[in-house]
Amino acid sequence: MTSRTGRPARLRGVPLWAWWLGVVAFGSATVLPLVAAGHIGSAFLALAGLGYAVGLGGALQRRGAEREYAARVARGSAPSWSLLKVEAVELIDDDWPGQVRVRLVDADGRAATFVGKIPIFFEDLTSATPMPAPGHIRCWVRGFALTSSGRQLVVSTAIDSVTSEDGRDEFHVRPDQIEAPHGVWARL
């Protein structure tokens, strides 16, 4: 049996064929003596327990993998990005691709402004759009910071080479200022 990458399938680092061999060996070592002794009901319960253990193990493995991925994303080591909420404060140039100034207020209440092309921050922004208008900057979530005001996320806007006017590309923000593809930060 192979995985999608063509390599042998593995379960918790053990080749899948070895894992199934262990399940069969355990099952036959437990069930066959019970059947031979005429304890069919006990043999059935042993098989049911083995099936439950295998299913539960798979469910726990999936949950563990999801938690591990979320932790990797939190550390910034997973190839995932999120959207940092900003607001447009000034339309500098309306001609394609246009220039806009946006503002981010971080978790500590400090404002940072960015100037860049409209498509970096918005899908559709024109001179008719009322200001302030909500927008986004793609970012990486690098980790967590615990401060007196609570838990904050450390984000980097370097993914698209976006820096604030004062040269910063790393910010401490509240979890509600991030929109993640799978809602990871909404649960914090």
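## Cis peptide bonds in two loops

In this predicted model, Pro97 sits in the loop that runs between strand S3 (82–93) and strand S4 (99–105), and the peptide bond that joins Trp96 to Pro97 is cis, with an omega of about 0°. Most peptide bonds are trans, and most residues other than glycine have a negative phi.

## A positive phi at Ser161

Ser161 is a residue other than glycine with a positive phi, near 55°. Ser161 is found in the loop between strand S7 (150–156) and strand S8 (170–173), and with a relative accessible area of 65% this residue is exposed.

## Salt bridges

The whole structure holds 8 salt bridges. In one of them, Glu90 pairs with Arg101, and their closest N and O atoms are 2.4 Å apart. Because Glu90 lies in strand S3 and Arg101 in strand S4, the pair ties together parts that are 11 residues apart in sequence. Glu90 is partly exposed at 36% relative accessibility, and Arg101 is also partly exposed, at 23%.

Arg110 forms a salt bridge with Asp106, with 3.3 Å between the closest N and O atoms; here Arg110 is partly exposed at 46% relative accessibility, whereas Asp106 is buried at 3%. Arg174 and Asp176 meet through their side chains in a salt bridge of 3.0 Å, N to O, where Arg174 is partly exposed with a relative accessible area of 38% and Asp176 is partly exposed with 47%. Elsewhere, salt bridges that share partners join Glu90, Arg101 and Glu165 into one network.

Methods
Residues numbered from 1 in each chain as written. Predicted model: local features only at pLDDT ≥ 70, side-chain atom pairs only at ≥ 80, totals over all residues. Heavy atoms only, no water. Helix = DSSP H or I, 4+ residues; strand = E, 2+ residues; numbered from the N terminus. Buried < 20%, exposed > 50% of the residue type's maximum accessible area, 1.4 Å probe, protein only. Salt bridge = Lys/Arg side-chain N within 4 Å of Asp/Glu carboxyl O.
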